[in-house]
Amino acid sequence: YLGLPLTLAGVGAALKLEEQKMSEGKVLIRYFSVPYGFEDDVPQFHSPADAPDKWAVFKAYNKRDVETEMGIEAKISRFPVPDFVWDEYHLDQEINDRGILVDMTLVENAIAIDAKTKDYLRSQMQEKTGLDNPNSVSQMKGWLSDQGIETESLDKKAVKELLSDSDDDITDVLTCRQQLAKSSVSKYTAMKKMACSDNRARGCFQFYGANRTGRWSGRGIQIQNLVQNHMPDLAEARFLVRDGNMDALEMIYDNIPNVLSELIRTAFIPKPGYKYVVADFSAIEARVLAWEAGEEWRLDSFAAGKDIYCE
């Protein structure tokens, strides 16, 4: 709430505490608290007897953490967190505990379809270019150079420019590369990892994650950053993916990674008898800040329906 760093070491340094967090902790946590191997699927850990000297430092490290926390408490206790922030935190915990229901059938089939599609795209690129690894930037640049095309980069913008002035073969290869680069589909994998036994993904919100503004931030699936969907036949496409109907998808759509990307939002489903309502307040922060600051010209611009960025 005070805008201090989000790590114990960072806060200790910022507040110039006498008892600072010990730097040896990471190595010791890895040694004592992370399995070094498995025996009959049972994780094996180091015991204090394995390294008495390290164990002594590890205990001192844990003790120091508590001392640092007590030092922080002493420094910031003069600035109590307002009740309304605690109310928001309580709401956050309810939301994270309840979780978000995920359509796991859609998720599983989307992951499978994505894997098949990418295998096909890679084979197409290999066939057209003769390259061992067409995903390699250096190999692809070399191939393009052989075709008389020099480029410094193969990022999204560069590929888009190349596509605007290329022959059919090069266009096909670059289009395949574009589709392979669609990383938003990885959100389905994140959903699968985060979903519990009741198919609810929990812990998706980090309270006060942006601690200069108090905004929530995302964890895991990153649900504050989802691809928008503009497909006119979204429901039909969703049905085909959920059904795992690869043949129909290939027949109807020429860019399956894009279809999967647009369906990400639809993987979140309400419980039976309920529905989701989507709302987006237009320029909400710019409007509220103008009102808070008494900036009348901005309020008048909004009231008149003008574009605030142009104004």
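Which residue with a positive phi follows α10? Gly244 follows α10, and its phi is near 70°.

The model is predicted: local features need pLDDT of at least 70, side-chain atom pairs count only at pLDDT 80 or more, and totals for chains, interfaces and linings use all residues. Residues are numbered from 1 along each chain as its sequence is written, and side-chain values use heavy atoms, with hydrogens and water left out.

**Exercise 1.** Determine which residues of α10 are buried and how they are arranged around the axis.

*Solution.* Step 1: helices are DSSP runs of H or I with at least four residues, numbered from the N terminus. Helix α10 comprises residues 234–242.

Step 2: buried means under 20% relative accessible area, exposed over 50%, and partly exposed in between (1.4 Å probe, protein chains only). The buried residues in α10 are Ala237, Arg238, Leu240 and Val241. Because they cover an arc of only 165° around the axis, they lie on the same side of α10. The arc is that of the directions from the helix axis to the C-beta atoms.

Step 3: an α-helix has 3.6 residues a turn, so residues three or four places apart point the same way.

Step 4: Ala235 and Phe239 are exposed, on the face of α10 turned away from its buried side. The buried residues pack against α5 (104–129), α11 (246–252) and α12 (256–262).

**Exercise 2.** Classify Ser301 as buried or exposed, and identify its contacts.

*Solution.* Step 1: Ser301 belongs to helix α14 (residues 296–303). Ser301 counts as buried because its relative accessibility is 6%.

Step 2: the side chain of Ser301 reaches the backbone oxygen of Trp297 at 2.8 Å.

Step 3: contact means heavy atoms within 4.5 Å. Not counting residues up to four places away in sequence, Ser301 touches Lys306, Ile308 and Glu311.

**Exercise 3.** Describe the setting of Asp65 in helix α3.

*Solution.* Step 1: with a relative accessible area of 13%, Asp65 is buried.

Step 2: a polar contact is a pair of N or O atoms within 3.5 Å; within protein, one must be able to donate a hydrogen and the other to accept it, and residues adjacent in sequence count only if both atoms are side-chain atoms. Such a contact joins the side chains of Asp65 and Lys21 (3.1 Å).

Step 3: leaving aside neighbours within four places in sequence, Asp65 is in contact with Leu8 and Lys21.

**Exercise 4.** Locate Phe79 and state its accessibility class.

*Solution.* Step 1: Phe79 lies in the loop between α3 (52–76) and α4 (83–98).

Step 2: Phe79 counts as partly exposed because its relative accessibility is 42%.

Note on methods
Helices (H or I, at least four residues) and strands (E, at least two) are DSSP runs, numbered from the N terminus.
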